[in-house]
Amino acid sequence: MTEKRKGARSIKDIPPDILIQLNNGEIETANLTEWLAVDQRLLLENLLQQNNRSEYLKSILKKVDELKKPTVNSINEAIGLGILDLTANNKDEEFLLKLSMHKADLVRCWAAYTIGRNKIYTTKEKLKKIQQFAADTHFGVREICWMTVRPDISKNLTESLSILIEWTKHENENIRRFASESTRPRGVWCEHIQELKQNPGLGLEILESLRSDPSRYVQDSVGNWLNDASKSQPEFVIEICDEWLRESDTKETKYIVKKALRTIHK
């Protein structure tokens, strides 16, 4: 097993050979600094060239150029949606399969958009197909994949929650975490779910299932979920936290509760 790369702390410190490999799609980004440093246009061009799909480049870059505020995330989304359009029009499932298993994490992020924003899939189908991305070993892919399906989760909340409650029992902590993170009432870099802001009790079954989860990654997400809810429904969160401490006297629950109440106790 190869040792995991640490990654540079600032973009200027990334070795030139590493940057070339990142932009060629030969390696994964090791940290957020590298993630921000990748030239996604160049990565796209190289990817299309390597797969004899260079004719896709112009129309995808047009989507990127039309962005009012180009950020890493908005460029990522524009490329993902551009690939989705072209592969749908050309019935190019073979290319999509390659992207979803590509060694470059940003390419797998683009692939997540081709599922999460594909109008031919129902919410249930999207969640089923996105699960492999939720289980991804790379932090970037895991963050992007819940964002791709969040509009559907928000629109079909009852159905989504009933599917995601099953994910809380999964052996993979990344999949369990997705159930919580994707349904956060406020969330990060995404639209709020108004229904959950007003009535966070709708998500309680998911939270209850994870209230003493052994994974710190999951605990952080559950704590953040409740902290989101505390900004519009503080009484609800205080009540739940009191109940949890009474019923579940574990260090995991205590950690979640502390994180959940941090805004209220400021």
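Is N174 buried or exposed? In this predicted model, N174 is buried, with a relative accessible area of 13%, which falls below the cut-off of 20% for that label. You can find N174 in helix α11. If you leave aside its neighbours within four places in sequence, N174 is in contact with A134, A135, D136, R142 and Y217.

Let's stay with helix α11 for a moment and turn to its aromatic side. The structure holds two aromatic pairs. W167 belongs to helix α10, which covers residues 157-167, while F178 belongs to helix α11, which covers residues 173-181, so the pair ties together parts that are eleven residues apart in sequence. Both partners are worth a look for their surroundings. W167 is buried at 6% relative accessible area, and F178 is buried as well, at 3%.

A ring takes part in another kind of arrangement elsewhere in the model. Here the charged end of R216 sits over the ring of Y255, at 3.6 Å from the ring's centre.

How accessible is L36, and what does it count as? Its relative accessibility is 43%, so L36 counts as partly exposed, a label for values between the 20% and 50% cut-offs.

Notes
Residues are numbered from 1 along each chain as its sequence is written. This is a predicted model: local features need pLDDT of at least 70, side-chain atom pairs count only at pLDDT 80 or more; totals for chains, interfaces and linings use all residues. Side-chain values use heavy atoms; hydrogens and water are left out. Rings of Phe, Tyr and Trp (its six-membered ring) pair if their centres lie within 6.5 Å; planes under 30 degrees apart count as stacked, over 60 as edge-to-face and the rest as tilted. Helices (H or I, at least four residues) and strands (E, at least two) are DSSP runs, numbered from the N terminus. Buried means under 20% relative accessible area, exposed over 50%, partly exposed in between (1.4 Å probe, protein chains only). A charge sits over a ring if NZ of Lys or CZ of Arg is within 6 Å of the ring centre and within 35 degrees of the ring normal. Contact means heavy atoms within 4.5 Å.
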